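Reader: I have a new structure open and would like to learn how to read it. Could you walk me through it step by step?

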Amino acid sequence: MTETNQSICLTLPKSITKQISTCENSEQYIINFLQNALPSTDSRAIADELRKSLLLIKHKSKRSKKERCPGKLLSSRKRMQLGLRKINYNSNMKYTDLLPLNQLWLNYMQQVFGTKYFTNIPRDPTDPNWESMNQQLVKADFHGAKISVIGSKCPGLIGLSGIVIQDTKNTFKICGKDNIIRTIPKDVVIMNIYLNDITFEFFGKDLSVRPTERTIKKFKWGRVYEL
């Protein structure tokens with residue numbers, strides 16, 4: 001070890017340490033320090049200043065809060081009164097304009113079933129995957145699906161077909177190839193749904209649930225409906 005390092009470890013001489021005054025009480029040490037450092041006119045207020053407590057909670061933020069909008073969101077009844085959920089039958093919607101929507105729906109169904117060309121879809125009720133496939137189909141979103149009515153209590157509904165543009169609890173609104181928008185009640189019809197070359201037949205009553213609730217609803221199979 002060099003002489004410089006050895007000198008660092010040595011204790012200070014008494015000629016220096018005797019000039020340093022220490023105090024066991026830290027608060028008293030601060031008071032003594034301030035009394036020696038501050039002018040005599042300010043030393044009288046040291047004790048009063050040390051007794052003050054400054055809490056950040058007492059200081060209110062100067063940032064102005066954004067004023068909240070006093071109005072509320074529109075209720076379901078108000079939206080219906082304003083016609084926000086209605087599709088105008090006199091609109092210029094055309095069947096050809098909805099074909100890209102149908103293709104988008106087919107791509108969505110490919111993701112639902114996990115197959116690109118619908119080749120793995122069971123077509124026989126004896127298949128062990130038949131029930132799970134039906135569960136996935138019923139819980140799917142039908143906006144953009146091609147459907148047609150093959151049976152109904154009302155003879156005038158039989159033969160109607162088109163692309164679904166609105167799916168509500170009790171009805172399907174479709175746009176046919178004649179560019180006419182029609183409403184099909186679900187409770188009284190049997191429909192076909194088309195996945196390219198594959199056709200599924202189902203009762204409309206199985207879909208008489210709001211689309212948002214249909215995804216979490218458990219369906220019981222084996223029911224027979226009378227039209």
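Reader: Let me begin with charged side chains. Which side chain meets arginine 210 in a salt bridge?

Author: Welcome! Please keep in mind that this is a predicted model. The general idea is that side chains of opposite charge can pair when their charged atoms come close. Here, the partner of arginine 210 is glutamate 213, at 3.5 Å from N to O. Arginine 210 is partly exposed, with a relative accessible area of 42%, and glutamate 213 is partly exposed at 37%.

Reader: How many salt bridges are there by this rule?

Author: The count comes to 3. Another one links arginine 182 with aspartate 178, whose closest N and O atoms are 2.7 Å apart. Arginine 182 is partly exposed, with a relative accessible area of 24%, and aspartate 178 is partly exposed, with 41%. There is also a salt bridge between lysine 186 and aspartate 167, with 2.7 Å from N to O.

Reader: Where do lysine 186 and aspartate 167 lie?

Author: Lysine 186 is in the loop between E4 and E5, while aspartate 167 belongs to strand E2 (residues 161-167), so their pairing ties together parts that are 19 residues apart in sequence. Both lysine 186 and aspartate 167 are buried.

Reader: Now for the inside. Which residues have the most contacts inside the largest nonpolar core?

Author: A nonpolar core is a set of buried nonpolar residues joined through their side-chain atoms. The largest one here has 28 residues, and Phe172, Ile193 and Leu195 have the most contacts inside it. At least two residues of this core come from each of helix H7 (99-113), helix H8 (130-138) and strands E1 (146-152), E3 (171-175), E5 (189-195) and E6 (198-203). A second, separate core has 7 residues, among them Ile87 and Ile163.

Reader: What does leucine 195 touch, leaving out residues up to four places away in sequence?

Author: On that count, leucine 195 touches Trp105, Leu106, Met109, Phe113, Phe118, Ile121 and Phe200.

Reader: And which residues of H8 are buried?

Author: They are Met133, Asn134, Gln135, Leu137 and Val138. These buried residues pack against H7, E5, E6 and helix H9 (211-214).

Reader: There is an asparagine in strand E5 as well. Is asparagine 192 buried or exposed?

Author: Asparagine 192 has a relative accessible area of 11%, and buried means under 20%, so this residue counts as buried. Leaving out residues up to four places away in sequence, the contacts of asparagine 192 include Lys146, Ile147, Thr199 and Phe200.

Reader: Let me finish on the outside. Which residues form a nonpolar patch on the surface?

Author: Tyr29, Ile30 and Leu50 do, with about 270 Å² of accessible area together. Leucine 50 sits in helix H5 (residues 46-50) and is partly exposed, with a relative accessible area of 39%.

Methods: Residues numbered from 1 in each chain as written. Predicted model: local features only at pLDDT ≥ 70, side-chain atom pairs only at ≥ 80, totals over all residues. Heavy atoms only, no water. Core = buried A, V, L, I, M, F, W, Y, C linked by side-chain atoms within 4.5 Å. Buried < 20%, exposed > 50% of the residue type's maximum accessible area, 1.4 Å probe, protein only. Helix = DSSP H or I, 4+ residues; strand = E, 2+ residues; numbered from the N terminus. Contact = heavy atoms within 4.5 Å. Patch = residues over 30% accessible without salt bridge, like charges linked within 9 Å, V, L, I, M, F, W, Y side chains within 5 Å. Areas by Shrake-Rupley, 256 points an atom, 1.4 Å probe, with all protein chains shown as cover. Salt bridge = Lys/Arg side-chain N within 4 Å of Asp/Glu carboxyl O.
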